[in-house]
Structure formats: C-alpha cells, structure tokens
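Q: I am new to this structure. Can you walk me through its features, one at a time?

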Amino acid sequence: MSFAITYATDNGYAQHVAVSIYSLLEHSLDRAELDIYILDNKLSNENRNKLSQTAGIFGKEVNFIDISDIESRLPENINTANLSISTYCRLFLPELMPEEVERVLYLDCDTLVCRDLKKITDGLAEDNWYVAGVEDTMYPEMKTGIGLARNDLYLNAGVLYINLKRWRKDNLTQTFLDFINSYKGRVPHLDQGVINGVFRHGKVRLPLEYNVQAPIFAIHGYDDLMKFFELKGFYTPDEVRAAKESPAIIHYTSFFVERPWFRFCIHPRKKDYRNTLNKTAFAGAELQNNRISFQQKLKDIFFKYFQPLYLRLR
C-alpha cells in the first residue's frame, strides 16, 4: 500500500524541500511504498530538475502538481503576512491530489526527517477523524481568535496527516473558503488558523516527536515552556525531553534560534540541515544573510545563554 507525501513550494523554498525529501528517503525503511508529490507554484525548470535529481539518488520519482493558479482559488483580500501564498495550498489538497490518494502526509518545506515515518499512521485505521498533527505551543488568545476555547487542541500545520477521503466527502474546501471570508481574509496564523478553526472536532494529536519546533529546543526548562505560552494539558515533561533528544521530524521554525540556511543560526540541530543539504542536488549552496536586525541577534543570544534572567525580565 502506497504512502503519499506532499509538499507545497515556490522557488524560494525549493532548496529546503530537497533537504526534506533527501532526509525522508534516507530514513525510509520501504522507499518503494512512498509516493512523493510537490505542489508546484511556478518552480523554475532548474529547481524542478534539482528536486527530481535529489529523489533520483534513491531511485524515486517526484510527481509535480501545478498550483500556479493558487491566487485565483483564494479570496482577493487574502492575507499572507509576508509568507508565500503557497502555504494555503494544503487547503485545496482534495482537488489537487489524485482521487485514488485517500490519505496524505503533508510536510512543510522546512522539515527534516530523522527516522522512518510509517508509524505516524498508528491508531488511525478508523475513518472518524479529519486531520492529525502535533499540538502547537500556541498562545491562548490565538485560539480564542479563531473561535476555539483557551484549552482546545490547536495543531501546528507544518506536519499534518490528512484524511482526504473525508475532506472530499464533506466538501471542506468550500468550508475553508467560507471561514476565510468570515474573517475578511485575515485569519490569525493564515491557513493554520483556518484548519484549526474549522476542525473544532475531529483532530487527532500525534506524539510531539513528529513535529519538534524551535520552542522545544530553545526553552530549556519544561515549566518555563508551559509558562511562556500559558499552556495547559500539553505533552508531559518526559515526552518533551524524548522529542528533543530523538525527534522523528525537526521543524525549523525561527523562535529565538533562527533557521539553518542563514549565516546566523543558533539552532542546536543546524548541522543536520546543512550536512543533508550537501547530499542533495543543491549541494554547495551558500548560506543566506539573515533578514533580522542586529538587536534581534543579540536578543537570541541573550535568550540562549541568559535565559533565566530573560524570563524574569519578561
């Protein structure tokens, strides 16, 4: 039985998709069952070829799906918060993916796979759910801003195992668009807010190890993590420790550590990304200059090395 994986990217994130694909295939125990799809938002021929070459290292092909019309699918007043509009593509997966694909694992471009992912499907044999993902470290006001209660489950959309069969059956694409329009195109946290706002029920929480974001690495103490984001009912201290020590997927968000393709990065797992990059068809790509201020860099360093003081001052 095939296991479908999909990404959405434009030229700005093609390099990172190559890193994620390489890491995915490198750690897969059964590559033959993997079907890789890329939602292609005006990729150049060069980048398309490099992505194919990277998968080809493992004898795999990449299936490209044209999403150059993504803007026309969305309301005219859509807010992207300076992110790529490709982020909204996951809302249209029921129409974009082949009809025979009934479930798909959506991965953000900035993810690195550290071990085989097949067990992510454990416990999801039934059809009574819409989407599975890892609980996010999200402030309560961001939840209430999309109609959730403060303690409701809120998933990070960077790694989502999606029940496409049920999304199609319930015509959820139109539900997503109606939700966006109800916020006049400005849903907090964009498509992630849409998914969490629409799915007040039918969400499944995956183990934290499947989407280990920067806050898990950056905040040293469990109690400090809980307090910083005003979390309740989050993963246990042992689960947080295990995810940090042995992640299945690292999600390179920027929280106080920045991202590993920039010159300034203090993420403890930055070398994992950089070493993998040099195994892909993008090998030799230079690190980019950060688009953050010198003050932010100092803030990041202060947070890392003087965290107790920072948290007291905060």
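A: Start with the largest cavity. Its lining is made of Phe 3, Leu 24, Ser 28, Glu 33, Leu 34, Asp 116, Leu 117 and Lys 118. The model is predicted: local features need pLDDT of at least 70, side-chain atom pairs count only at pLDDT 80 or more, and totals for chains, interfaces and linings use all residues. Residues are numbered from 1 along each chain as its sequence is written, and side-chain values use heavy atoms, with hydrogens and water left out.

Q: What is a cavity, and how is a pocket told apart from it?
A: Rolling a probe the size of a water molecule over the atoms shows where empty space is left. The search runs on a 1 Å grid over the protein atoms alone. A cavity is a set of points where a 1.4 Å probe fits but cannot get out. A pocket is an open set with protein on both sides within 12 Å along at least five of seven lines. Lining residues have an atom within 4 Å of a point.

Q: What volume does the largest cavity have?
A: About 60 Å³. Volume here is the space filled by probe spheres set on the points, with grid points joined across faces, edges and corners. The lining divides into four nonpolar, one polar and three charged residues. Nonpolar covers Ala, Val, Leu, Ile, Met, Phe, Trp, Tyr, Cys and Pro; charged covers Asp, Glu, Lys and Arg; the others, Gly among them, are polar.

Q: How many cavities of 30 Å³ or more are there?
A: Three. The second largest cavity holds about 50 Å³ of space. Its lining residues include Glu 135, Asn 211 and Phe 234. By class, that lining has four nonpolar, three polar and two charged residues.

Q: Which residues are closest to the centre of the largest pocket?
A: First, the space: about 1400 Å³ lies in the largest pocket. Of its 45 lining residues, Leu 83, Asp 110, Thr 253, Ser 254 and Arg 259 are the closest to the centre. Strand S1 (3-9), strand S7 (155-163) and helix H8 (190-198) each give two or more residues to the lining. Helices (H or I, at least four residues) and strands (E, at least two) are DSSP runs, numbered from the N terminus. By class, the pocket lining has 17 nonpolar, 19 polar and nine charged residues.

Q: How many salt bridges are counted?
A: A salt bridge is a side-chain nitrogen of Lys or Arg within 4 Å of a carboxyl oxygen of Asp or Glu. The count here is 14. In one of them, Arg 48 pairs with Asp 40, with the closest N and O atoms 2.8 Å apart.

Q: Is Asp 40 buried or exposed?
A: Buried means under 20% relative accessible area, exposed over 50%, and partly exposed in between (1.4 Å probe, protein chains only). Asp 40 counts as buried because its relative accessibility is 6%. Arg 48, at 22%, counts as partly exposed.

Q: Which parts of the chain does the pair of Arg 168 and Glu 99 link?
A: These two side chains meet in a salt bridge at 3.9 Å, N to O. The pair links distant parts of the chain, 69 residues apart. Arg 168 is in helix H6 (residues 164-169), and Glu 99 is in the loop between helix H4 (93-96) and strand S4 (103-107). Arg 168 is buried at 18% relative accessibility, whereas Glu 99 is exposed at 58%.
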